Amino acid sequence: MSADTIFALSSGRPPAAVSIIRVSGPLARAAGKQLGRSLPEPREAALRVLRRADGDVLDEALVLRFDGPASSTGEDVVEFQCHGGRAIVDAILAELASLDGLRQAEPGEFTRRAFENGRIDLTEAEGLADLLEAETESQRKAALAIAEGGLRRQVEAWQGRVLELSARAEVAIDYVDEEDVGADPRLVADCATLVEELTTWIDRPRIEPLRDGIRVVVAGPPNAGKSSLINAIAGEDRAIVTDVPGTTRDHLEIPLSIAGVPIVLTDTAGLRDTSETVERIGVERARALTKGADILVWMGDQGESPAVERLVRIHGRCDLPDRGHAPDGWLRVSSVTGEGIKELLGCIGKLARSVLPSEGAIPLNRRQATHIEQVRDALAQISSSDVVLAAEHLRIARGALDRLTGRAGVEDLLDALFGRFCLGK
Ligand SMILES: Nc1nc2c(ncn2[C@@H]2O[C@H](COP(=O)(O)OP(=O)(O)OP(=O)(O)O)[C@@H](O)[C@H]2O)c(=O)[nH]1
Ligand SMILES: [Mg+2]
């Protein structure tokens, strides 16, 4: 257990109806008693008048007590649910700070302690970070599944299987004679089954597009009507529109939610060769963004559209008499009349679903997928030719699984992850 006792305002910024101040560590109960004179029983709430050391009343608050290790951090925890006024919260925090052995928590420190005390593993902490940042329904669902240990349980199951395979290999080594060093074909077959299962997980859509938004990039030649289309989708004049080709220089990102799906809609500079310095940089960026797009909305002429996996081709300005007919496979859209915008959103939504994790699935993030790939690659190398080598590959797989749950060599990663949390979490 950590030596320090930490405290922080764990609810949002005051003023609010109620604020929650959390204290965690070996002196949490002593601090609770000091302020409230006595504490409720563990896991019960009781009303207490909170006082300064000199007897001055701070506030009347609901006090909760959780004794470690059966608490969110694994340490003794005391929670004050006080009135959410700024002066009240400041006064209680100041009183806690004046107590010996107590200090203000760093951002994410409560969660870090939960991790260090084995209350949650790294995948759950990552899920929690995503859950707190979730803005759409689909983000919330996926993050909640992970925060509640959905991935942890799966990883534990893999750990159990790899451990069992390791044990079988080690036992076989003990019995191996000089001539025959081959691994048991059943062991090799079991490894192959696991490789297949891990590959399914690795190949599934990841959490990043869901978490950060699907990158929908509108691109095409200058003056094609890209910025007008962006404004029509966003429902407001965000991008500058003129009849001068080369109006958009820098790209513009607009986060949107289309039917609960998070999207980052990006306007880009019209693609053309130019000697003008600023525009040239804009065009270079536009080309890079086009390549990195999850979905490309192309506004241009027939024959020019880039070959990308998820493409929507727009036949723009369809309100004009000479633009009435769209080529096959191109969507008629007018940013002036709004024609085709709904269909375009429908197309984007449909393509987006193929990038997103399916409902109920547990999506991996890049870090998790990298470790699972290492497990898979180690297991894939196991053949029946050498049992000693097989045991070594299984050992490598176990190490990768430990890094996945955060049980080995991940200090710098922990700093980065817990830094994402706000103060008091
Ligand atoms: N009639 C009609 N005019 C449009 C439509 N969309 C755009 N325009 C006009 O076309 C011109 C160019 O529009 P922009 O949206 O600035 O085009 P852009 O592709 O962003 O151009 P750059 O930023 O220069 O690459 C403007 O004069 C718009 O008013 C449309 O759907 N119908
Ligand atoms: Mg533009």
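This is a predicted model: local features need pLDDT of at least 70, side-chain atom pairs count only at pLDDT 80 or more; totals for chains, interfaces and linings use all residues.
A residue counts as buried when its relative accessible area is under 20%. By that cut-off Trp201, at 10% relative accessibility, is buried.

**Aromatic rings and charges**
- The whole structure contains 1 aromatic pair. It is formed by Trp158 and Trp201, whose ring centres are 5.3 Å apart and whose planes meet at 85°, so the pair is edge-to-face.
- Trp158 belongs to helix α6 and Trp201 to helix α7, so the pair ties together parts 43 residues apart in sequence.
- Trp158 has a relative accessibility of 1% and therefore also counts as buried.
- The ring of Trp201 has the charged end of Arg204 over it, 4.5 Å from the ring centre.
- Arg22 lies over the face of Phe110, at 4.7 Å from the ring centre.

- Ser227 is in helix α9, while Thr248 is in the loop between α9 and β8, so the pair links parts 21 residues apart in sequence.
- Ser227 is buried at 8% relative accessibility, and Thr248 is buried at 15%.

**Helix α13**
- Helix α13 has 19 residues (387-405); at 1.5 Å a residue it should span 27 Å, which agrees with the 27 Å between its end C-alpha atoms.
- Asp386 caps the N-terminal end of α13, with a side-chain oxygen 2.9 Å from the backbone nitrogen of Val388.
- Buried residues of α13 include Val387, His393 and Leu401.
- The buried residues of α13 pack against α3, α4, α6, α7 and α12.
- Gly406, with a positive phi near 90°, follows α13.

Notes. Residues are numbered from 1 along each chain as its sequence is written. Chains are lettered from A and ligands numbered from 1 in the order in which they are written. Side-chain values use heavy atoms; hydrogens and water are left out. Helices (H or I, at least four residues) and strands (E, at least two) are DSSP runs, numbered from the N terminus. The expected span of a helix is 1.5 Å times one less than its number of residues. Buried means under 20% relative accessible area, exposed over 50%, partly exposed in between (1.4 Å probe, protein chains only). Contact means heavy atoms within 4.5 Å. A polar contact is a pair of N or O atoms within 3.5 Å; within protein, one must be able to donate a hydrogen and the other to accept it, and residues adjacent in sequence count only if both atoms are side-chain atoms. Rings of Phe, Tyr and Trp (its six-membered ring) pair if their centres lie within 6.5 Å; planes under 30 degrees apart count as stacked, over 60 as edge-to-face and the rest as tilted. A charge sits over a ring if NZ of Lys or CZ of Arg is within 6 Å of the ring centre and within 35 degrees of the ring normal.
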